[in-house]
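Trainee: Before we talk, please put the model on the screen.
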Amino acid sequence: MNPALEPFKHLRFDNSFTHDLPADPESKNFRRQVAGSCFSRVLPAKVAQPALVAHAREVAELLNISDEVCRSQIFAQVFAGNVVLDGMDPYAACYGGHQFGAWAGQLGDGRAINLCELVSGSDERWTLQLKGAGPTPYSRGADGLAVLRSSLREFLCSEAMHHLGVPTTRALSLVLSGEEVVRDMFYDGRPRAERGAIVCRVAPSFTRFGNFQIFASRGEADVLKQLADYTIRTDFPHLGEPSPDVYVAWFAEVCQKTLDMIVHWMRVGFVHGVMNTDNMSILGLTIDYGPYGWLEDYDPNWTPNTTDASGRRYRFGHQPQIAHWNLIQFANAISSLIERVDPLQAVLDAYPKDFQTRWHSMMAQKLGLRRFEVETDKDLVADLLTLLQLVETDMTIFFRKLAAVDCHAEDNEGGVENDSDVETDGELLRPLRRAYYQPDQLTAESRAQIASWLRRYRTRVRQDGRPDTERRQQMNAVNPKYVLRNYLAQLAIDKAEAGDASLVHELLEVLRRPYDEQSEYEKHAEKRPEWARDRPGCSMLSCSS
Ligand code: AMP
Ligand code: MG
């Protein structure tokens with residue numbers, strides 16, 4: 001064994017995907033349609049000068065790789081794809097998908113190469129995947145590479161989402177390739193050379209709805225069944241041996257996991273930006289961080305993706321419906337496995353109501369209420385969401401500061417009732433001031449409307465009976481103080497492109513504890529500065545990456 005590879009010799013690989021599923025018999029790496037196969041074996045391209053920009057120590061720990069090894073040169077070599085370890089079996093998966101509502105045919109891992117499945121000490125199975133490691137049979141017209149700006153965004157955001165408690169793929173490392181990659185960032189015919197980079201993504205599985213769709217679309221029923229059975233046995237073993245009933249139970253669980261993920265997105269203000277069915281994980285993980293974004297001012301119609309600017313299919317407020325639409329496409333793909341379609345239809349029909357219930361209880365949590373009472377809270381929530389759009393309001397700061405509003409202010413006798421009406425609107429709004437982007441929008445009229453809502457809220461909290469300290473604690477555990485604001489990611493990119501990764505490290509650090517005050521990092525909790533309002537990368541992104 002090469003002594004340089006000693007630090008990896010304890011790693012256990014068990015490549016079940018490539019072992020159990022049909023492989024593309026063609027071993028040459030050229031772009032093509034691949035029939036009847038779940039994957040094609042392919043090696044990562046070698047790059048000139050791998051250099052580590054950042055790594056996530058928690059992910060390394062999951063994989064049983066020490067921090068010291070992560071900082072070594074050989075680590076950068078392995079996770080740039082220059083060195084393939086013994087026991088790895090690199091491949092690109094075949095999948096299809098609906099893009100922006102239209103069937104797009106074969107897509108596949110065009111710039112992702114799965115290295116291996118690593119079984120960690122606790123018997124967890126992790127697939128390690130390099131993104132941007134060179135062309136594969138699925139690269140179509142593109143180069144298989146990725147640039148620093150998009151890789152950095154993926155690296156930071158997947159970790160930020162994890163620490164926020166949102167189901168997501170993880171990121172082990174961000175490595176510069178030492179090579180240039182040409183991109184036309186604005187699609188305006190002015191390409192420029194950018195720094196190439198590779199992210200190592202980590203997840204129990206990267207299987208997408210599109211992996212099943214491709215076989216259904218081609219009438220490859222055998223392969224479809226093999227992939228479904230493999231997925232159930234590997235990732236849903238508690239459901240038991242595959243059978244028509246188990247397929248239905250599996251579908252119901254995929255729906256629940258997807259729904260759970262979307263509720264989390266709505267809670268933290270995340271907009272995926274490209275919810276094509278090839279970007280929907282079978283495990284309900286947030287996957288494929290492209291032109292995603294974070295709501296700054298609360299606007300359900302906002303999308304960060306310039307490619308989607310006209311139709312806004314993937315806007316914030318539409319994500320629950322799109323997830324449902326995507327689940328319908330997934331149901332269509334697997335329906336041949338089940339003799340009857342009604343059970344799948346029944347699961348799909350339950351989705352809107354299930355979503356509503358889960359979304360309501362999430363909103364109750366954001367408001368610090370013990371439970372959602374339809375009679376009062378339906379209007380309370382709906383009116384709040386209208387108010388948040390009346391005046392440009394930072395969603396993250398608003399909910400964080402709402403916790404600070406006194407709902408049980410004590411009177412002189414030490415009782416808990418306070419005559420709220422004696423408080424002026426201005427006093428009532430004071431804790432929320434920082435959430436407003438344009439103070440001149442806070443006219444007497446809008447202030448009165450907000451104050452009136454706050455009084456209703458206070459009454460509701462008192463009726464709920466939760467003391468302020470307890471309510472604050474509960475609210476601050478679901479309303480983050482720190483999210484990867486679009487302009488913060490862009491600042492980190494600007495610096496990293498100039499060779500300084502310090503802001504990447506600092507953001508990774510602060511985003512590890514998004515619900516903690518961390519007063520030393522207060523500046524990263526500030527609302528978007530005016531310069532970032534219309535700056536590309538801060539408010540809008542193209543798919544070019
Ligand atoms: P995405 O928009 O990232 O979900 O990508 C859609 C499809 O395009 C997937 O099959 C990707 O693998 C592929 N793709 C995106 N960028 C590239 C690239 N630079 N080289 C090769 N394939 C790519
Ligand atoms: Mg994708």
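Trainee: Where does ligand 1 lie relative to domain 1 (3-206) and domain 2 (210-366)?
Mentor: This is a predicted model: local features need pLDDT of at least 70, side-chain atom pairs count only at pLDDT 80 or more, and totals for chains, interfaces and linings use all residues. Residues are numbered from 1 along each chain as written, ligands are numbered from 1 in the order written, and side-chain values use heavy atoms, without hydrogens and water. Domain bounds come from an automatic or database domain assignment. Domain 1 (3-206) and domain 2 (210-366) both give residues to the shell around ligand 1, so ligand 1 lies between them.

Trainee: Which residues come nearest to ligand 1?
Mentor: A residue counts as near if one of its heavy atoms lies within 4 Å. There are 17 residues around ligand 1, and those that come nearest are Gly108, Gly110, Arg140, Gly144 and Asn279.

Trainee: How far from an oxygen atom of ligand 1 is the backbone N or O atom of Gly110?
Mentor: A polar contact here is a pair of N or O atoms within 3.5 Å. For the backbone atom of Gly110 and an oxygen atom of ligand 1, the distance is 2.8 Å.

Trainee: How much of the accessible area of ligand 1 does the protein cover?
Mentor: Accessible areas come from the Shrake-Rupley method with a 1.4 Å probe. On its own, ligand 1 has 480 Å² of accessible area, and the protein covers 82%.

Notes
A polar contact is a pair of N or O atoms within 3.5 Å; within protein, one must be able to donate a hydrogen and the other to accept it, and residues adjacent in sequence count only if both atoms are side-chain atoms.
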